[in-house]
Structures are given as structure tokens and as C-alpha cells.
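This briefing gathers a few local features of one protein chain, grouped by topic. Please keep the sequence and the structure at hand while reading.

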Amino acid sequence: MSKIKMGIIGAGGIAQDRHIPAYLQLTDSVALEAVCDVNMETAHTVARKFGINKVFTEYKELLSEVDAVTICTPNKFHAEITIAALKAGVHVFCEKPMALNTEECEAMIEAAEQSSNVLAIGYHYRFMKDSRAAKKAILANEIGDPIVARAQALRRRKVPGWGVFTNKELQGGGSLIDWGCHFLDLSLWLLGNPKPVEVMGKAYNHLSKMPNQVNQWGTFNHETFEVDDHVTAYITFENGASMLFETSWAANIKEDVERVSISGLTGGVDLFPFELNQAKHGMLMNSQANWIPGEENPGLDQVRNFIETCLGKEELVVKPEEALQVSKIIDAIYLSSETGKSIKLA
């Protein structure tokens, strides 16, 4: 197979801004064959904009036309479409989060195993240059065994006021399942993907339910706001490591924060930006990279890895079994918040 015939399912912002432009840079190995959206006008507009010939409003009709699909729908439909595509013998790249819950994720993995097709999940923070630099340092034993992770994905007042981001039925949650999931995934990857064993969490939405909202990212109805806008959690792992985690769309803080910090026995890494912190030669040393190789756009390396894996030339960077662990933690955080108890994971 010289080129992968790609179908785009869900033609909204993430498809137009990240995935389709990335595939258009890989024309030696990818042909954008078809686009599908429940809104016919949107599907045709995107097809004209990017030169895609085939247009559908029913995703099942698209599957016979392609070798692979990129799923950019609301979270509610990730599992259904993924399983149908895999059963049809089609490779799947599914945007994050993997699905609405653990059970759906497990069904997706089972379908992938039965089909022998590729299933990739869109956790693109792993492909950022700082993230790869930190992973290289950890694998080179620059920090010893990782033991504590701290992850913060905080926005001051940036609730997405467009699309279906605040629709619990379609998305399953808010700041945690939309943005914080990236930082959970990245932290788990840097820790070496240890098995989570216990989660204590709290989800809030008080701020976004108040009237007279000040919000930088569009408008939303505070009276019907039903998802989380701020979440905190403490997570422990089978190997003794732990994670302090916080994410928000709306917090009364000075400025937005994107930060992951991994402390090991002999050193630590911080990002963003990447920094290596060590105690060596009787000194405390902080090292920064003057230059880190790689693409500035992590979305390009992400889809390149997916395509090369479909062609049998690479191994997935984000494996579905790892994305499942992220969803298990998300489920546990929400359940812990609802019950007021810590949740033990089998």
C-alpha cells in the first residue's frame, strides 16, 4: 500500500485546524479521500476548502471508500464509530479522550485486537518537543526512578463558548475530559506508564454557574452549565509513585499555567519549558536546552506516526492501552468527587 486513503469523520475545528492541514503535508503517504459530517453544509465547505472529492453525512457510507479514518466528533460517538470502522477493516485515529468511559475504551481495544487494525488516540502533547526532550532525559537515567509528578493545566477565564464543549451528554465532562486529559496522559508517559491504584478527586463548576461571566473564549449560558470547570486530584500508583493534578477552564488565578514536573531519585524535569534539575558535583544544577530537534507542530508528528504505523514502518507512540489508563483515572476522579471517597482501581 503506497498511500493511505484517509477519511475525516467530523469536520469541525480540530479537523480543519490540526488534522487535515497535517495530512496535506504528508501527500507522499496519505490521500485525503473523503469527509463526513452530520451537517451537509459543513462537510461540503470543508471538502471545497481542502480539495476533498467525496462527501458524506453518514459515516458508515464512508468506510468502504477509505483505508483509515480520523474521528473528530463529540466524545459520545468515539466508541461507536471506532468499533464500526475497525470491524470494517479500517485503521482508526481517534481524537482524545478515547471515549466517554472505561467500558467504551475497553470495547474499542477489543475491536482493535479482533481486527488487527491500528487504533491510535490523539494525545498530541507527547509529540511536543519539550515532552520528547523530557522523555529522553528520563530514559537516559538523568533523574533516576521517577517518583512524583505534578501536573497543572489551568486557564483563568477560558471556557470554550463554541461547539458542544459544555454539553455533558455529548462530551462527558468539561475541563478534565477536554484539556486536563492531555496532562494526565503526558505525566503517565513520563512516569513510565505505571498502573494507577487509588484516586482522590474533586470536581467544581461553581464559578461558571455564576451570572455576569467574564470569559475570554466566547459566551455560554451560566444557568445551563453542567460540566466541570475546575478539577483537582491526587493519584497513587502500584510502583509507589504519585501525582498531584489540577486542571481548569475558569480559575481566579493570575495567569494561565501549563506545567508538568517529574521528580526522580537523582534529579527532575520541568516543562513547559523543558529544564533538567540535578544535584551533582556538590552543586544544585538547572540545565536548559538551547535547541531541541523536531517539528514545531506536534500535530504533524502525531499523524505521521499514525500513518507510518498503518504502513507497518513504526510503532505507535500513544497506545490504546495507555489511553485506557487515562480514562480510568478520569472516571475515578469524577466518581471520587461524587461520592466524597477515594477510589481504588483494580
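At what angle do helix 1 and helix 9 pack, and how far apart are their axes? In this predicted model, helix 1 (residues 13-23) packs on helix 9 (residues 298-310) at an angle of about 55 degrees, and their axes are 9 Å apart. Helix 1 is therefore oblique to helix 9, since an angle that lies between the roughly parallel range, under 35 degrees, and the roughly perpendicular one, 65 to 115 degrees, counts as oblique.

**Helix packing**

- The crossing in which helix 1 passes helix 9 is right-handed.
- On the side of helix 1 the contact is made by R18, H19, A22 and Y23, while helix 9 contributes G299, L300, Q302, V303, F306 and I307.
- Sorted by class, the residues of this contact between helix 1 and helix 9 comprise 6 nonpolar, 3 polar and 1 charged.

- N277 belongs to strand 13, which covers residues 275-280, and it counts as buried because its relative accessible area is 19%, where the cut-off for buried is under 20%.
- The side chain of N277 is joined to the side chain of D270 by a polar contact of 3.2 Å.
- When neighbours within four places in sequence are left aside, the residues in contact with N277 are G267, G268, V269, D270, M285 and N286.

**Cis peptide bonds**

- K96 and P97 are joined by a cis peptide bond whose omega is about -15 degrees, and P97 is placed in the loop between strand 5 (91-95) and helix 5 (102-115).
- A cis peptide bond also runs from L271 to F272, with omega near 15 degrees, and F272 is found in the loop between strand 12 (267-271) and strand 13.

**Positive phi values outside glycine**

- S116, a residue other than glycine, has a positive phi near 65 degrees; S116 sits in the loop between helix 5 and strand 6 (119-122), and it counts as exposed because its relative accessible area is 67%, the cut-off being over 50%.
- H281, which is likewise not glycine, has a positive phi near 55 degrees; H281 lies in the loop that runs between strand 13 and strand 14 (283-288), and with a relative accessible area of 66% it is exposed.

Key: Residues numbered from 1 in each chain as written. Predicted model: local features only at pLDDT ≥ 70, side-chain atom pairs only at ≥ 80, totals over all residues. Heavy atoms only, no water. Helix = DSSP H or I, 4+ residues; strand = E, 2+ residues; numbered from the N terminus. Buried < 20%, exposed > 50% of the residue type's maximum accessible area, 1.4 Å probe, protein only. Polar contact = N/O pair within 3.5 Å; in protein donor to acceptor, adjacent residues only side chain to side chain. Contact = heavy atoms within 4.5 Å. Axes fitted to C-alpha atoms, helices over the stretch in contact; angles between N-to-C directions. Parallel < 35°, antiparallel > 145°, perpendicular 65-115°, else oblique. Left-handed = near helix turned anticlockwise from the far one by under 90°. Nonpolar A, V, L, I, M, F, W, Y, C, P; charged D, E, K, R; others polar.
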